[in-house]
Amino acid sequence: MAMAVQVASLWLPSSSSTTPTHMNLLHSFGTKSKSPSSSSSSSALSATSSLSSPAPTIQIVGGRNPTWYENGDVNSDGFEDDWYDLDTDLYHWTKALRPVQWYPGHIAKTEKELKTQLKLMDVVIEVRDARIPLSTSHPQMDLWLGNRRRILVLNREDMISTADRNAWATYFAREGTKVVFANGKLGMGAMKLGRLAKALAADVNVRRRAKGLLPRAVRAGIVGYPNVGKSSLINRLLTRRMCPAAPRPGVTRELKWVHFGKDLELLDSPGILPMRISDQTAAIKLAICDDIGERSYGVADIAAILVQMLARLPSVGTKTLNMRYKMDADGYCGKTFVQKLSVHLFNGDTHQAAFRILTDFRKGRFGWIALERPPR
């Protein structure tokens, strides 16, 4: 049975009620296309989109009442379902945006060289962003690595909650994947990573001795998306700055072997991305977390979607947005919120307002938040 859904203190009425005057959180991102998860919702949306109005709104009908928060309090019932609902909404929000694509020339060159170097590696260390572990997984990585030993590093563990960390640790343990949580800036997890790499490749020299060959250092390649902290981890392992590192994508431009004592050699590589990112929800998350070049997206659009995501997350909500920017977030879609903030703080400069929102998230000023949860 159709019912009204309340999102961030807004009422989106059922199809039997009159058109609301409130501005919908989804309004600026266009009408939803057919959702794979709800055929009844899509038919109601089609009926709504056919109405002519100078300021159209989208009605979400059907489904169940949200359980994320009520007056700022988190309700854990149906928590995983709520994450699924957010991912579904994010899929629709992105459809009205210009696709996020970024594939500079040095990445194409790196990918070709990396495939050659992989043949020399005893173990591969794949680094992902702990806030978005799925979105920072290269779709071709399993094919490239084959049966090679792999260690998964979730970097920036300091930027997610303990609950998120435990959820991902449990998930990867069930998958049989060895995972290390790390903080490349502070060095947390770096030494554990070095020991694990040596342990996994210990049989390399056993086989060499059996063939009458001299032992050699274990070769470990560090791979991953741009700006996930690969070079920072290497610098922490070596306790000195051997690889250029900066908090922006595209700093490392070429492959570089460095020595970690006599027992371990590390290959630092530039970030690699698919030539074309087909999953645009993942691309949006890459943009939010600064794991893709800024030229690939509109800052205002990405900030608007981030606002809508934060308003839906139980650990943030509209209350946190109100307190952070000293203005009312209720009743505004993401795009309108960015525009209002630009007038409130930046003399109407929308770009600066959007950049402030993204920077605040990237520096943890809304709290330590993961934008993904393990698949069900």
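# Exercises on a helix pair and a sheet

In this predicted model, helix α9 is followed by Asp 290, whose phi is positive, near 65°.

**Exercise 1.** Describe how helix α9 and helix α10 pack, and decide which kinds of residue make up their contact.

*Solution.* Two packed helices are described by the angle between their axes and the distance between the axes. For α9 (residues 280-288) and α10 (residues 299-312), the angle is about 100° and the axes lie 10 Å apart. Because angles of 65 to 115 degrees count as roughly perpendicular, α9 is roughly perpendicular to α10. The next step is to look at the residues that meet: α9 contributes Ile 284, Ala 287 and Ile 288, while α10 contributes Ile 302, Ile 305, Leu 306 and Met 309. Sorted by kind, the residues of this contact are seven nonpolar, no polar and no charged.

**Exercise 2.** Determine how many residues of α9 are buried, and say what follows for the helix.

*Solution.* A residue counts as buried when its relative accessible area is under 20%. In α9 the residues that pass this test are Gln 280, Thr 281, Ala 282, Ala 283, Ile 284, Lys 285, Leu 286, Ala 287 and Ile 288. Nine of the nine residues of α9 are therefore buried, which means that the helix is largely enclosed by the rest of the structure.

**Exercise 3.** Work out the order of the strands in the six-stranded open sheet, and find which strands stand at its edges.

*Solution.* The order is β7-β6-β5-β8-β10-β9, and the pairing is mixed. At the edges stand β7 (179-182) and β9 (256-260), each with a single partner strand, so one side of each is left without a neighbour in the sheet. Direction ignored, neighbouring strands of this sheet are turned by 25° against each other on average. One of the pairings to look for in the model is that of His 259 with its bridge partner in β10, Glu 265. Finally, helix α5 (residues 162-175) packs on the sheet, where α5 touches β5 (123-129), β6 (149-155) and β7, and the direction of α5 makes about 160° with that of β7.

Note on methods: Residues are numbered from 1 along each chain as its sequence is written. This is a predicted model: local features need pLDDT of at least 70, side-chain atom pairs count only at pLDDT 80 or more; totals for chains, interfaces and linings use all residues. Side-chain values use heavy atoms; hydrogens and water are left out. Axes are lines fitted to C-alpha atoms, for helices over the stretch in contact, and angles run from 0 to 180 degrees between N-to-C directions. Helices (H or I, at least four residues) and strands (E, at least two) are DSSP runs, numbered from the N terminus. Angles under 35 degrees count as roughly parallel, over 145 as roughly antiparallel, 65 to 115 as roughly perpendicular and the rest as oblique. Contact means heavy atoms within 4.5 Å. Ala, Val, Leu, Ile, Met, Phe, Trp, Tyr, Cys and Pro count as nonpolar, Asp, Glu, Lys and Arg as charged, and the others, Gly among them, as polar. Two strands pair if DSSP finds at least two bridges between them. Buried means under 20% relative accessible area, exposed over 50%, partly exposed in between (1.4 Å probe, protein chains only).
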